[in-house]
Amino acid sequence: MSSVKFFSGSGSAELSEKISHFYGKPLGSISHQKFSDGEISASFNESVRGCDVFLIQSTFPPSDNIMELLLMIDAARRASAKYVTVVMPYFGYARQDRKDKPRVGVGAKLMANLLTAAGADRIMTCDLHAGQIQGFFDIPLDHLDASSIFVPYLRSLKLENVVFAAPDVGSTGRARRYAQHFNAEMVICDKHRKRANEIASMQVIGNVEDADVILVDDIVDTAGTICKAASILKEKGAKSVRAVITHPVLSGKAYENIENSVLEEMVVTDTIPLKKESEKIKVLTVSDLFAKAIRKIHDHESISSLFI
């Protein structure tokens with residue numbers, strides 16, 4: 001069997017170190033260079049000929065990290081790697097998964113085309129914004145689920161009256177799966193936006209009186225929706241409100257919004273590194289999950305056991 005080699009993009013260095021540590025193999029040496037005009041270059045400092053190469057890079061911030069990842073794939077292909085697997089814990093542009101208004105691009109499909117054209121043989125990611133993005137790829141895609149990380153943590157809290165909440169209608173399916181696993185009730189926070197990142201109104205569908213509410217979503221960006229939902233849930237009688245969110249994009253005034261919110265805590269993963277610490281944000285690592293998945297894929301085994 002061909003040897004495994006891990007290489008990290010510059011945007012996921014810390015997570016890549018953790019994944020390689022759990023796998024039991026050191027990261028390979030790669031150089032990333034940026035010219036004065038912003039042009040990016042990537043080159044391997046060791047042979048990858050005949051190897052199963054795993055390139056680890058979350059695409060946030062998206063533009064530079066995606067370009068760097070594409071160049072890494074191309075470099076691996078040209079260096080005669082046997083098999084190139086792209087490990088994207090966070091898949092940038094996933095929110096652009098359809099035409100929701102006239103004359104807009106479908107960014108998620110474009111990213112799928114670019115990754116395939118660059119020479120990727122396989123994609124591994126976690127909690128896509130929309131499950132149908134898997135169908136944008138004509139190569140195998142392994143879609144890992146962060147619930148295997150969040151569920152044990154939530155059980156450890158030993159909350160008495162748990163109710164799961166979807167912060168918007170798009171998160172209903174995700175919240176329902178948690179509610180079914182915990183045999184708990186679910187509510188929906190129905191929101192209306194005036195424009196991107198700006199909420200006009202929100203209402204709660206369901207009862208949260210005296211409940212320990214857990215909001216479930218895949219991405220937190222400005223944290224406006226989550227914080228607004230938490231506030232309304234508290235007004236409706238919730239005893240406590242927490243949030244479990246896979247990808248902490250946390251742009252704009254996100255940290256300020258979270259600190260000033262009624263949230264007890266926000267539990268996230270390290271698919272995207274935090275810009276700064278916050279007493280209200282708890283980080284759980286996905287490194288062990290990805291390391292196990294990589295080992296199973298390399299050994300041609302099913303990854304079904306990694307799902308709850």
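Buried residues, meaning those under 20% relative accessible area with a 1.4 Å probe and protein chains only, make up 54% of the 308 residues in the protein chain. The model is a predicted one, in which local features need pLDDT of at least 70 and side-chain atom pairs count only at pLDDT 80 or more, while totals for chains, interfaces and linings use all residues. Residues are numbered from 1 along each chain as its sequence is written, and side-chain values use heavy atoms, with hydrogens and water left out.

The secondary structure comprises eight helices and 14 strands, where helices (H or I, at least four residues) and strands (E, at least two) are DSSP runs numbered from the N terminus. The radius of gyration, taken over C-alpha atoms, is 20 Å, close to the 19 Å that the globule rule (2.2 Å times the number of residues to the power 0.38) gives for 308 residues, so the chain is as compact as a globular protein of that length. Among contacts, defined as heavy atoms within 4.5 Å, between residues at least 6 apart in sequence, 62% join residues at least 24 apart. Further values for the whole chain are tabulated here.

| Property of the protein chain | Value |
|---|---|
| Span of the C-alpha trace along its principal axes | about 60 × 40 × 35 Å |

Asp217 lies in strand β11, which covers residues 212-220. Asp217 is buried yet has no salt bridge, and the nearest side chain of opposite charge, Arg174, is 4.6 Å away; a salt bridge would require a side-chain nitrogen of Lys or Arg within 4 Å of a carboxyl oxygen of Asp or Glu. Not counting residues up to four places away in sequence, Asp217 touches Pro167, Asp168, Ser171, Arg174, Val244, Ile245 and Thr246.

Ala76 belongs to helix α2 (residues 62-78), and its relative accessibility of 0% is the reason that Ala76 counts as buried. Apart from neighbours within four places in sequence, Ala76 is in contact with Phe44, Val48, Ala81 and Val84. Between the C-alpha atoms of Ala76 and Cys227, which stand 151 residues apart along the chain, the separation is 43 Å.

Helix α4 (residues 147-157) has Ser147, Ser148, Ile149, Phe150, Val151, Tyr153 and Leu154 as buried residues, and just after α4, Lys158 adopts a positive phi of about 55°.

How values were computed
Buried means under 20% relative accessible area, exposed over 50%, partly exposed in between (1.4 Å probe, protein chains only). Lys and Arg count as positive and Asp and Glu as negative; His and the chain ends are not counted.
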